[in-house]
Amino acid sequence: MQKIGVIGGGTMGAGIAEVCAKAGSDVVILEVKQEYADAARQRVEKSLAKAVAKNKLSQDDADATLGRLRVTTDYADLGDRELVIEAAPEIESLKQEIFTQLDAVVGDDTILATNTSSIPVIKVATATKRPERVVGVHFFNPVPVMPLVEIISTLVTNDETADAVTSYVRDTLGKTAVRAGDRSGFIVNALLIPYLCQAIRMLDSGYASAEDIDAAMKGGCGYPMGPLTLIDTIGLDITLAAAESLYAEFAEPHLAPPALLRRMVDAGQLGRKSGRGFYSY
Ligand code: CAA
């Protein structure tokens with residue numbers, strides 16, 4: 001697989017497009033408006049410039065990577081893609097609409113993948129006429145830096161599809177691939193989100209300050225970021241959506257999203273991207 005499509009050029013979509021193009025694939029990012037498509041390209045340019053500044057990439061390789069990347073607002077430009085990875089907002093109906101549209105423009109053998117972190121993959125797979133060739137590929141933020149990708153097979157994904165995507169992730173992208181079933185949270189978020197929510201409850205109860213909770217997990221467990229800084233980085237809205245999805249799936253009381261998380265999202269305090277979360281930016 002070398003012709004890759006990416007739906008959505010936000011943080012995750014741009015990151016996915018960047019690593020695919022850097023690995024030598026020909027990549028097309030689809031966005032809904034030209035200004036978003038241009039912004040997606042700028043995100044990739046900025047990240048590549050950072051990689052060059054940190055001596056992770058030569059300027060020639062950064063230029064070549066950009067040469068392999070196109071942006072578009074037209075689904076028809078995805079017609080020749082072998083693998084399309086959707087990284088649109090976490091709205092089930094939106095993703096289903098995207099998969100139905102994609103199904104109509106790509107070839108019969110094209111594999112369709114979703115980067116969802118919280119929506120069951122089968123729900124988007126059944127929006128197509130090829131559910132056996134739909135798979136979850138869950139990257140982590142920041143995509144160019146985090147080595148892991150979770151590969152999720154639904155009850156109907158065929159082995160050929162999961163194997164082809166696993167091989168692309170491992171052999172072409174050089175990432176670590178793990179396989180998980182189609183359950184909310186897969187592996188990482190099923191463990192990470194309850195931990196993050198527990199840190200919010202600890203803060204809300206006045207048990208410890210944000211700074212001390214973060215310092216404790218950095219210094220005591222060697223985590224690169226404390227949980228509240230990590231939520232600010234992921235986005236409080238994204239964290240809430242993931243927590244809601246885990247609670248909806250398993251209905252266990254400890255998975256219920258903390259009230260403070262909901263109130264902060266209501267207040268528009270979404271973390272780093274809005275300038276305010278558990279810290280100010
Ligand atoms: N391209 C390539 N490499 C880059 C890069 C880029 N754009 N930006 C940074 N790097 C490299 C740096 O060169 C550096 O490499 P070395 O360690 O070899 O020197 C490394 O990445 C770290 O970069 P920085 O020094 O700039 O930054 P840092 O040390 O402060 O680390 C971080 C930043 C990697 C984000 C680190 O804080 C971290 O790992 N945080 C936790 C992130 C995390 O947990 N992500 C998962 C979120 S959950 C999720 O995504 C799933 C979901 O569904 C919610």
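## A lysine in a loop

Lys 175 touches Val 19, Val 143, Pro 144, Met 146, Pro 147, Val 149, Val 169 and Arg 170, leaving aside residues up to four places away in sequence. Touching, or contact, means heavy atoms within 4.5 Å. This is a predicted model, where local features need pLDDT of at least 70 and side-chain atom pairs count only at pLDDT 80 or more, while totals for chains, interfaces and linings use all residues. Residues are numbered from 1 along each chain as its sequence is written, and side-chain values use heavy atoms, with hydrogens and water left out.

Lys 175 sits in the loop between α6 (159–172) and β8 (176–181). Helices (H or I, at least four residues) and strands (E, at least two) are DSSP runs, numbered from the N terminus. Lys 175 is buried. Buried means under 20% relative accessible area, exposed over 50%, and partly exposed in between (1.4 Å probe, protein chains only). Lys 175 has no salt bridge. That would take a side-chain nitrogen of Lys or Arg within 4 Å of a carboxyl oxygen of Asp or Glu. The nearest side chain of opposite charge is Glu 18, 8.8 Å away. Here Lys and Arg count as positive and Asp and Glu as negative; His and the chain ends are not counted.

Strand β4 covers residues 83–86. Leu 83 and Ile 85 point one way, Val 84 and Glu 86 the other, and all are buried.

β4 runs parallel to β1 (residues 3–7), joined by four bridges. Two strands pair if DSSP finds at least two bridges between them. Ile 4 stands opposite Leu 83. Four bridges also join β4 to β5 (residues 111–114), again in parallel. There, Glu 86 has Thr 114 as its bridge partner.

## One aromatic pair

The whole structure holds one aromatic pair. The ring centres of Tyr 195 and Tyr 223 are 5.8 Å apart and the planes stand at 85 degrees, so the pair is edge-to-face. Rings of Phe, Tyr and Trp (its six-membered ring) pair if their centres lie within 6.5 Å; planes under 30 degrees apart count as stacked, over 60 as edge-to-face and the rest as tilted.

Tyr 195 is partly exposed, with a relative accessible area of 22%. Tyr 223 is partly exposed too, at 39%.

## Helix α9

In α9, Pro 227, Leu 228, Thr 229, Ile 231 and Asp 232 are buried. The buried residues of α9 pack against α7, α8 and α10 (236–250). Gly 235 follows α9, with a positive phi near 110 degrees.
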